[in-house]
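Have the fold on screen and follow along.

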Amino acid sequence: MSAQLIQQTCLLNHGKSICYLSNFDLDNINPNIPTIVCIHGWLDNAESFVPMSEFFSEYQLIVLELIGHGHSDHRSLDAHYHLIDWVYDLKLFCQQLNLPAFYLVGHSLGGAVSTIFAASECEFVKTLILLESPGAFTQPEHELATNIHLAFESRLKMAEKRNKSSVKKPLNLIPSLVQMRVEKNQLDVDFAQALIERNLYLEHNCFSWRSDPRLQTLSPIRLTPTQAKELLSSISCPIHICLADKGYTVIRQTVEQYVEFAKKAYVKNFSGSHHFHMPQAQAVAEYIKTQVIKVMER
């Protein structure tokens, strides 16, 4: 395998293309070499896992970009973004590329996608690794009607300003966008810039967004606590949950609430914030290699 990541696309059978980075030729996949599939978080892209990629050179690595993010296609204008549809996209991707069972790594939203996939498509997943993700983002049943109303309102507001998101903006705005990301996610400037720039169409003196603005609308329906418990308890493979000591409190609290329902779950703490796996790339990669892959491949 090469340490260099190659960008490729896969046309899914519903007509949308999903972009991915890999360090090997998927036409020559070797079932005897461990395969790792990584999925980024909300409004992020494949750059989220680029820092870790150099430490996985002995493995077959695939870094997906969810539909609507980065260089992947957007949903059609009459559609919206639902968690379960990203799970289906992942299933189509695995089937169309005939992937062998793999180690599935998900950060934040990518962890929620990965958790449902590990529960429903267990034959594909050797081990589930969640990075700053509880696996399931829930809402109490009594909030359902209000949440649907707020989600519909967010769609209406987004439709009103959709055209504005495609307006080209001057390049000199990019440093301020990077600084906002630095402050919001407690990221180093280089990491924030990499995430921002991969989400942009850059031209000679201006830019526009690649990522679909509809990603910022609210989800009308989320899992209930009972459904989250059922989901986690149905996962047969080991689950490794990696949390940051300065990560989001709500994620840690949700992990503590549901982790007991998993059959085989391990919690590991790292220093850092929500995107800890970028500055702590080597430490996280070493944990995955020594405590997950080498244990499973004995």
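Which residues of helix α8 (residues 249-258) are buried? Keep in mind that this is a predicted model. The buried ones are I251, T254, V255 and Y258. Look down the axis of α8 and you'll find that these buried residues fall within an arc of 105°, so they line one face of the helix.

What do the buried residues of α8 pack against? Their partners are α7 (225-233), β10 (239-244) and β11 (265-270). As for its direction, α8 lies across β10 and β11 and runs at about 150° to β10.

Those two strands take us into the sheet. β10 and β11 run parallel, with six bridges joining them; to pick out a pair, I239 has A265 in β11 as its bridge partner.

Now zoom out. The sheet is an open one of eight strands with mixed pairing, and its order reads β1-β2-β4-β3-β5-β6-β10-β11. At the edges sit β1 (6-11) and β11, each pairing on one side only. Ignoring direction, neighbouring strands here are turned by 20° against each other on average. Helix α3 (residues 109-120) packs on this sheet too, where it touches β3 (35-39), β5 (102-107) and β6 (125-131). The direction of α3 makes about 145° with that of β5.

Note on methods
Residues numbered from 1 in each chain as written. Predicted model: local features only at pLDDT ≥ 70, side-chain atom pairs only at ≥ 80, totals over all residues. Heavy atoms only, no water. Buried < 20%, exposed > 50% of the residue type's maximum accessible area, 1.4 Å probe, protein only. Helix = DSSP H or I, 4+ residues; strand = E, 2+ residues; numbered from the N terminus. Arc of directions from axis to C-beta. Contact = heavy atoms within 4.5 Å. Pairing = 2+ DSSP bridges. Axes fitted to C-alpha atoms, helices over the stretch in contact; angles between N-to-C directions.
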